[in-house]
Amino acid sequence: MRHIISILLENEAGALSRVSGLFSARGYNIESLTVAPTEDASLSRMTIVTSGSGDVIEQITKQLNKLVEVVKVVDLFEAPHIERELMLIKVRAGAKERDDMKRMSDIFRGRIIDVSEDTFTIELTGTGQKLDAFIEALGRTAILETARTGASGISRGQRVLRI
Amino acid sequence: MELSGAEILIKCLQAEKVEYVFGYPGGAVLFIYDELFKQNKVKHVLVRHEQGATHAADGYSRSSRKVGVALVTSGPGVTNAVTGIATAYMDSIPMVIISGQVPTHAIGLDAFQECDAVGITRPCVKHNFLVKDVKDLAITMKKAFYLATTGRPGPVLVDIPKDVTVAKCKFEYPETISMRSYNPVIKGHPGQIKKAAQLLIEAKRPMIYAGGGVILSDAAPQLTKLVRMLGFPCTNTLMGLGGFPATDKHFVGMLGMHGTYEANMAMQHCDVLVAIGARFDDRVIGDPAHFGQVPRKIIHIDIDPSSISKRVKVDVPIVGHVPDVLDDLIKLIEAGKQRPEPKAISAWWAQIDLWKTKDCLRYDRKSKIIKPQFVLEKLYEITKGDAFITSDVGQHQMWAAQFYKFDKPRRWINSGGLGTMGFGLPAAMGAQMANPGATVACVTGEASFQMCIQELSTCKQYRLPIKVVNLNNRYMGMVRQWQQFFHGNRYSESYMDALPDFVKLAESYGHVGMRIEKPADVEPALKEAFKRTDELVFMDFMTDQTENVYPMVGGGKGLTEMILAEEL
């Protein structure tokens with residue numbers, strides 16, 4: 001089953017490789033991994049989308065907690081949560097395709113953030129599934145380039161991940 | 001006053017009361033060696049290969065409960081040390097490894113003797129550090145010792161670029177340290193301990209299974225008290241030997257791949273199992289699915305939550321420092337009125353005694369060729385069971401574990417997790433350094449011994465009177481055994497051809513060498529060797545080439561699917 005694991009860790013050189021090394025050494029899946037500093041610059045927050053049985057996810061959280069630089073670990077799937085991913089996508093938008101492309105972007109609530117003679121660059125956020133659906137709807141030939149961030153997530157309501 | 005990084009490092013080691021540093025100099029650590037030269041509190045032991053440095057520091061730690069410290073140079077110094085670091089990591093041994101690094105401005109430029117020490121060792125250390133600023137050096141050393149010794153212990157590497165050893169700053173060594181991201185649990189959860197106590201009292205076929213965690217946490221007194229109080233059978237893993245006295249009537253022997261018949265049967269058929277500082281590894285319980293066929297309640301006490309429910313799902317997990325948890329458990333049982341039902345327990349013992357009649361460790365005592373088991377029995381008798389025994393890896397290791405009855409913790413020193421051939425001799429050096437005057441013997445084989453044979457020279461330099469018991473069967477015995485059992489007797493590359501004359505070899509290093517070829521000569525030779533308390537004696541026992549270690553649970557088999565001697 002798919003899980004989203006959020007990690008607070010010391011914002012130090014090498015911390016990321018300890019986490020990614022753990023996943024490769026123990027054969028755990030990584031679907032996506034994002035990391036950036038938090039409002040407290042000494043801490044980074046990492047979001048890992050992974051999959052595995054309950055036992056495997058339990059081991060993953062235990063092994064992560066064992067890393068010395070990891071401060072806190074939470075499996076967002078334990079409670080209601082929100083996940084979002086950002087995609088920047090460059091599409092073919094010549095005179096012929098321009099209107100269609102604009103409409104498609106509006107339907108998916110994308111924003112066109114760069115325009116050239118033959119291209120649009122669209123910014124789109126949502127769940128991974130929504131981004132997949134947009135790519136599907138555009139069709140391969142229309143797409144020139146995509147850059148996706150991988151999912152980031154946060155719990156709903158009063159649950160917070162902080163120290 | 002400002003001190004150089006090298007001076008600070010030595011001051012840190014002094015503050016940590018480090019007695020010995022096992023190491024080998026090189027370009028990147030020259031300033032550190034220069035500071036070592038200028039003082040005499042921290043003594044340096046010059047090994048002949050960095051693998052030896054890490055194993056010696058490891059043996060020093062295992063035999064003394066102190067932190068083992070190794071010092072190596074950059075590049076090949078570090079890569080040579082990796083085997084020893086990984087060995088310590090697998091067995092959770094507290095060690096601090098200091099490695100030199102090329103100057104900070106040269107890092108990443110493929111400098112001479114540069115390697116990414118932190119990257120290479122990351123998967124086999126508890127933690128590691130690259131110190132880029134001399135101001136961070138003292139606090140990093142404090143953290144390294146703190147991390148190595150607390151929680152589940154393990155090796156910590158500190159990589160120090162050469163320019164950092166030259167740069168100066170004010171020295172201040174912190175008295176204590178706390179890290180927000182690292183807070184090992186000490187006390188077990190009272191509710192869980194209560195549940196455990198209740199299960200123990202209600203048990204009809206109980207079993208206590210204790211591993212290396214008992215040794216590492218110095219919980220042997222608590223374990224012994226608990227077992228005797230309850231009257232339950234107790235088994236130790238390879239790493240746990242000595243955690244419970246082997247001569248006690250409650251001890252059923254080691255369990256696992258080469259465990260006793262009675263220990264493995266009791267482990268499989270118990271109704272309540274208490275695992276203490278052990279991790280249900282593949283060499284201990286075999287196939288977990290097979291192990292899970294019998295319903296039983298499992299209590300698991302361990303400091304490392306990730307060891308719990310990893311291979312075997314447990315019912316009552318207790319995370320905590322083993323002696324603290326056992327103290328609480330003992331107090332709780334003592335305070336209550338309930339006791340295990342004596343009838344059930346004696347019926348269980350009757351069953352175990354029946355299993356014991358298999359006499360699973362028997363061997364041919366009339367053999368005209370020296371049986372390795374016989375050598376170990378005699379070694380046990382002659383050293384009165386009180387020696388520090390290190391071993392290498394293979395058949396000799398298993399026979400030593402089976403036939404030397406360890407009554408005290410920290411007397412049995414072997415590479416259980418990683419299974420590192422070459423461990424025995426350097427580990428014995430560390431044990432002898434930590435225990436001057438004590439009897440230290442290295443049980444080895446002609447294949448393992450050659451992997452760190454160069455340390456014979458170190459033994460001479462430091463006058464370490466280690467007794468080497470070489471069980472020479474001219475084969476990588478355990479490889480040969482597997483090839484006999486599982487590969488149709490095709491002894492692919494397991495024969496040790498072109499062996500040196502070990503007697504002459506020992507003599508050329510300035511030691512005493514002995515060759516023993518007849519069973520009748522075993523005892524006199526051992527007696528003679530152990531009389532020479534100030535010399536290293538290498539005893540080359542020419543043993544039976546065909547002897548196998550029994551019982552044996554084949555790889556991936558169930559714990560009770562044992563091959564016994566009679567079945568062949």
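In the predicted model, helix α6(B) is followed by Gly151(B), a residue whose phi is positive, near 60°. The helix itself comprises residues 137-149 of chain B, 13 residues in total, and reaches 19 Å from its first C-alpha to its last, close to the 18 Å expected at 1.5 Å a residue. Nine positions can be listed as buried in α6(B): Leu137(B), Ala138(B), Thr140(B), Met141(B), Lys142(B), Ala144(B), Phe145(B), Leu147(B) and Ala148(B). The partners against which the buried residues of this helix pack are α1 (5-15) together with the strands β4 (68-72), β5 (95-101), β6 (127-130) and β7 (155-161), which belong to chain B.

Helix α14 of chain B, formed by residues 322-335, was examined in the same terms. Its end C-alpha atoms are 20 Å apart, in agreement with the 20 Å that its 14 residues should span at 1.5 Å a residue. The buried residues of α14(B) are Val322(B), Pro323(B), Val325(B), Leu326(B), Asp328(B), Leu329(B), Ile330(B) and Ile333(B). Their cover includes the helices α8 (190-202), α9 and α10 (220-230), and also the strands β12 (272-276), β13 (297-302) and β14 (316-319), of chain B.

Two or more lining residues are given by α9 (212-216) and by β16 (412-413) of chain B; α9(B) gives the most, with three residues. By class, this lining has seven nonpolar, two polar and three charged residues.

Asn414(B) counts as buried because its relative accessible area is 0%, against a cut-off of under 20%. Apart from neighbours within four places in sequence, Asn414(B) is in contact with Arg62(B), Asp91(B), Leu238(B), Met239(B), Ser391(B), Gln397(B) and Phe423(B).

Chain A contains four helices and nine strands, arranged along the sequence in the pattern β-α-β-β-α-β-β-α-β-β-α-β-β. The C-alpha trace of chain A spans about 55 × 35 × 35 Å along its principal axes. Of its 163 residues, 43% count as buried. The accessible surface of chain A comes to about 8900 Å², and carbon and sulfur atoms account for 50% of this area. Where contacts in chain A link residues at least 6 apart in sequence, 73% of them join residues at least 24 apart.

Technical notes:
Residues numbered from 1 in each chain as written. Chains lettered and ligands numbered in written order. Predicted model: local features only at pLDDT ≥ 70, side-chain atom pairs only at ≥ 80, totals over all residues. Heavy atoms only, no water. Nonpolar A, V, L, I, M, F, W, Y, C, P; charged D, E, K, R; others polar. Buried < 20%, exposed > 50% of the residue type's maximum accessible area, 1.4 Å probe, protein only. Contact = heavy atoms within 4.5 Å. Areas by Shrake-Rupley, 256 points an atom, 1.4 Å probe, with all protein chains shown as cover. Expected span 1.5 Å × (residues − 1).
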